[in-house]
Amino acid sequence: MNLGPLWLSVQLAAITMLLLLVICTPLSWWLARTASRMKPAAQAIVALPIVLPPTVMGFYLLILLGPSGAIGAWWVRLTGDALTFTFGGLVIASCLYSLPFAVQPLMNAFESVDKRNLEAAWTLGATRRDAFFSVALPQSTRGYFAAAVLSFAHTLGEFGVVLMVGGNIPGETRVISIAIYDQVESLNYAAAHQLSGVLLVLAFVMLLAMFVMNRRWQRQ
Amino acid sequence: MLFLSVSSLAHADTLLIAVASNFRAPADELVQEFAQRTGHDVRISSASTGKLYAQITNGAPYDVFLAADSEHPRLLEDAGLGVSGTRVSYALGALVLWSRHSDFVNGGCREALDNLGDRHLAIANPDIAPYGAAARQFLIRAGLWTEVNRRLVYGESIAQALHFVATGNAQLGVIARSQVLDARLPAGTCTWPVPAELHDPIEQQAVVLQRAAGNAAAAAFIDYLAGAAAADIVRRFGYGAPE
């Protein structure tokens, strides 16, 4: 069994997860706290990847990330290389694709942080940043755990977007879902079974870990 | 009344044919002409040859299969899912190099292939698409494979390979001649026909499927496909017509 595509997927999922945890912290915090009239619109935009077919995202990304696209052209000037058909391009695509799966749990966690605790910290002279790190963050462990598991697992299962912008390059963009698709299309059902089985077990273990931890936290 | 309408339709059958997606446009026209001649109602379902094959082996209700190669119809015939003796070649595929990139194709597409640099060359995935396999043979026989290997991007079908070039993401592509005749395609900057001797023939074959064994309409459609009228249409769409 060729495990290269699995390893590539795990790397993609891990990098995407870490980036999303960083990017989504301020975004989710703002969404959880804001009274702005723009909040519903912002929430709708964040949730778009859940309802849009991957073909729509893949199509737009192919146009935007390509050498003549808005983001792609800028990236070419910066680095000399385009974003489509590269691992870096897949990271950007995955961050967009898995965004709601990181934002939602973080937002829920931040919403349940008791405002009085924050206010107490402010009264004691803590800056807003200090208050976030010493009060809100420790209370949001569950949210971070869920965001990490869901964004990692969702990226691991990504297919349509990668199919459209990846170019199926071994070691660069041929992730496990694409490798499985290739094996099925070329009638290598045995290899497809092996890779699918690995992914199935992996997905189950990750979700199981999340629900086991959830139950522990609920009992506390 | 009901009796009358049923009897008047007694000789007009409905056929469901599975067509490889690269052949969708000519198939639409072939089916229309066939319907005018015979009164049979033909419906088309199209997907990649591999997907249609998987559907057929899992009981999809198709009467005739028009594949993009000869391999899959032969496999179906061997497995008893295709009616033996009904297999015909209906089109020969041809490859072209194509680009719409402006700055590096002044000397034409063939020269551009030698000067690929860090640009991308799009082909269909050789392991799953017949046109991809032929593209790989061409690159190997032209002695270019090791050189361009690193710069290859793979479309899951010949359609996606074209799509990569048409959107400017790949600067050059090995695609089907039939595709560059499509009027919806943006203007290219160069086209180079790949000599037929540089790859094995891309022989597209059709076969009657088991559920339509003895179905006169299916047999008529296969006869029509192998005939001169169909060959005219096939050629007009950029394919070769078998002898």
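## Domains of chain B

Domain bounds, as used here, come from an automatic or database domain assignment. The model is predicted, and for chain B the assignment gives domain 1 (2-92 + 202-236) and domain 2 (95-193). The C-alpha centres of domain 1 of chain B and domain 2 of chain B are 30 Å apart. To their contact, domain 1 of chain B contributes 7 residues and domain 2 of chain B contributes 7 residues.

Between them, domain 1 and domain 2 of chain B bury about 590 Å², with 64% of this area on carbon and sulfur atoms. The interface of these two domains is crossed by 1 salt bridge. Lys51(B) and Glu156(B) form a salt bridge in which the closest N and O atoms are 3.7 Å apart.

## Interface of chains A and B

Contact between the chains involves 24 residues of chain B and 21 residues of chain A. The area buried between chain B and chain A is about 1700 Å², and carbon and sulfur atoms give 56% of it. Ile128(B), Tyr154(B) and Asn169(B) account for 29% of the area that chain B buries against chain A, more than any other three residues. Across this interface of chain B and chain A, the rule finds 0 salt bridges.

## Helix H3 of chain A

Helix H3 of chain A comprises 12 residues (residues 54-65). At 1.5 Å a residue it should span 16 Å, and its end C-alpha atoms are 15 Å apart, which agrees. The buried residues in H3(A) include Met57(A), Gly58(A), Leu61(A), Leu62(A) and Leu65(A). They cover an arc of only 135° around the axis, which puts them on the same side of H3(A).

The cover over the buried residues of H3(A) includes, from chain A, helix H2 (39-51), helix H4 (70-79), helix H5 (87-111) and helix H9 (160-165). Helix H8 (158-166) of chain B is also included in that cover.

## Surroundings of Leu225(B)

Leu225(B) is located in helix H10 (residues 216-225) of chain B. Its relative accessibility is 3%, so Leu225(B) counts as buried. Leaving aside neighbours within four places in sequence, Leu225(B) is in contact with Leu30(B), Leu66(B), Tyr90(B), Ala206(B) and Ala230(B). Leu225(B) and Tyr90(B) are 135 residues apart in sequence, while their C-alpha atoms are 6.0 Å apart in space.

## Salt bridges

Side chains of opposite charge can pair when their charged atoms come close. Over all chains, the structure holds 18 salt bridges. In chain A, Glu119(A) pairs with Lys115(A), the closest N and O atoms being 3.5 Å apart. Both residues lie in helix H6 (residues 115-123) of chain A, 4 residues apart, about one turn of the helix. Glu119(A) is partly exposed at a relative accessible area of 33%, and Lys115(A) is partly exposed at 45% relative accessibility.

In chain B, Arg141(B) and Asp200(B) form a salt bridge whose closest N and O atoms are 2.8 Å apart. Arg141(B) lies in helix H6 (residues 130-141) of chain B and Asp200(B) in the loop between strand S9 (190-193) and strand S10 (202-208), so the pair ties together parts that are 59 residues apart in sequence. Arg141(B) is partly exposed, at 42% relative accessibility, and Asp200(B) is partly exposed, at 37%. A salt bridge also joins the side chains of Asp127(B) and Arg136(B), at 3.7 Å from N to O. Asp127(B) counts as partly exposed at 48% relative accessibility, as does Arg136(B) at 27%. Glu71(B), Arg74(B) and Asp78(B) are linked in a network of salt bridges.

Methods: Residues numbered from 1 in each chain as written. Chains lettered and ligands numbered in written order. Predicted model: local features only at pLDDT ≥ 70, side-chain atom pairs only at ≥ 80, totals over all residues. Heavy atoms only, no water. Helix = DSSP H or I, 4+ residues; strand = E, 2+ residues; numbered from the N terminus. Expected span 1.5 Å × (residues − 1). Buried < 20%, exposed > 50% of the residue type's maximum accessible area, 1.4 Å probe, protein only. Arc of directions from axis to C-beta. Contact = heavy atoms within 4.5 Å. Buried area = accessible area lost by both parts, 1.4 Å probe. Salt bridge = Lys/Arg side-chain N within 4 Å of Asp/Glu carboxyl O.
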